[in-house]
Amino acid sequence: MRNFVFNSPTRILFGKGQVENVGKETLAVAGKVLLLHSGGSVKQTGLYDRITARLRENGVGFTELSGVKPNPDIDIVRQGVSICRNEVLPMVLAVGGGSVLDTAKAISAGVFYEGDPWDFFDKKAQPASALPVGVVLTLSATGSEANGNTVISNSQTKEKRPIYSPFLYPCFSILDPELTFTVPPDQTAYGAADILSHVYEQYFHHEKETSIQDGFCETLMRSVIENAPIAIERPSDYSARSALMWASTLALNGLIGAGAVGDWASHMIEHELSAHYGIAHGAGLAVVFPSWMTQVYKANPARFRRFAEKVWDVDTRGMTDEKAALAGISAVRDFYRDRLKIGVTMKDYAIDGTKIETMADSAMKFRAIGSFVQLTRDDIVAIYKRAM
Ligand code: NZQ
Ligand code: ZN
């Protein structure tokens, strides 16, 4: 196990009814906020009314910015920065899924930066400070609720880029699983695929002596595999929704990856699909990951054998490591298609192969990607082609 620093500064309020604490929690940080949301589901579900009532009760002033879309664009970040500056708002309150949270984080850092906030994502600048961000999460998926990442798209340049900064951890996150009862089956499934993918990215490494992290990873994956189909079938199943919500947070708050180097190539490969075709992040990952696994398993077939056995309950008796690895990869694909009922090929999302070369170049724009296996450009092209 490698040396590591683990710092998880986000205060988590988890469980039924925790959303009622939003006014109190916000007031403890600031007396007025930028209230950021999509303007869509949050209004339809009545959550908007509940939140604004709690803010008013606690005397918290708010200016609103709505209209955050999935795969959020840098334009709305720029708008948010202007509002925070003009109205001297000392905090952002994000109510929504990963797209709203990521937008809030980018705004919070952009306020302290003189230039265009896209510079962060184009690796021309790094956040030097940020406003505090409070979160009310409505979708279990990204882990943005307790990490320092934000992923923003640029519709002009057709790019989607992630950044990490220690300034970007939310100060608090309200994780109330009942708020996810209204998430439709497809978004529930995409969220589950995203959570699983975050675990895969950190599970496939060559580090020795990571038994604690391996156990965390396997428990998280098994829990998502068990609970996602239940949540799809019975959207108001509290037990399934709470397992998914806690898995979302733990899969990407730094805990399970401590002491090893994660891979993250599949995320970079997926971001290109979202940037060029606008598909949901989790949908793209369900397409990319089985293909990535098939491309790289030979680098450590024993690790993939363990994955097949411990996560997917594949009976590998009598199989070589390679055969066991391939059986595990098939189980991943079957689960997405048959249990989550989502696409597993680019064709399932009407994506043809015409942009594969462009996407491969863009995925490697800043550096070579992959750590379990460092991918060549040809490897990336092969992964897209296999995913067609
Ligand atoms: O837009 P509205 O109408 O609110 O509907 C949303 C949206 O259409 C809907 N939704 C959310 N909560 C709901 C709900 N519908 C009904 N009831 C609710 N309670 O779900 C749709 C998707 O929302 P979005 O926020 O886009 O989904 P998600 O949470 O999966 O976030 C995806 C974004 O996060 C990035 C992704 O790349 C993508 O841009 N990621 C962020 C990461 C991070 N910050 O650490 C890591 C991830 O790997 C990922 O890259
Ligand atoms: Zn992800």
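Modeller: Let's start with helix H5 (residues 98–110), which lies across E2, E3, E4 and strand E5 (133–137) and runs at about 165° to E4. Keep in mind that this is a predicted model.

Colleague: What makes E1 and E3 the edge strands?
Modeller: The open sheet of six strands has the order E1-E8-E5-E4-E2-E3, with parallel pairing. Strand E1 (11–14) and strand E3 (61–65) each pair on one side only. From one strand to the next, the twist averages 20°.

Colleague: How do you know that E2 and E4 pair?
Modeller: Pairing takes at least two bridges, and three join strand E2 (residues 32–36) to strand E4 (residues 92–96), so the two count as a pair. They run parallel, and Leu34 stands opposite Val92 in E4.

Colleague: Why is the contact of Lys365 and Asp122 called a salt bridge?
Modeller: The rule asks for a side-chain nitrogen of Lys or Arg within 4 Å of a carboxyl oxygen of Asp or Glu. Here the side chains meet at 3.0 Å, N to O, so the name applies.

Colleague: How many salt bridges are counted between domain 1 and domain 2?
Modeller: Three. The elements giving two or more residues to the side of domain 1 that touches domain 2 are E1, strand E6 (149–154) and strand E7 (159–164). E7 provides the largest share, four residues.

Colleague: And how much area do domain 1 and domain 2 bury between them?
Modeller: About 2,300 Å², 60% of it on carbon and sulfur atoms. In domain 1, Lys158, Lys160 and Arg161 lose the most area to domain 2.

Methods. Residues numbered from 1 in each chain as written. Chains lettered and ligands numbered in written order. Predicted model: local features only at pLDDT ≥ 70, side-chain atom pairs only at ≥ 80, totals over all residues. Heavy atoms only, no water. Axes fitted to C-alpha atoms, helices over the stretch in contact; angles between N-to-C directions. Contact = heavy atoms within 4.5 Å. Buried area = accessible area lost by both parts, 1.4 Å probe.
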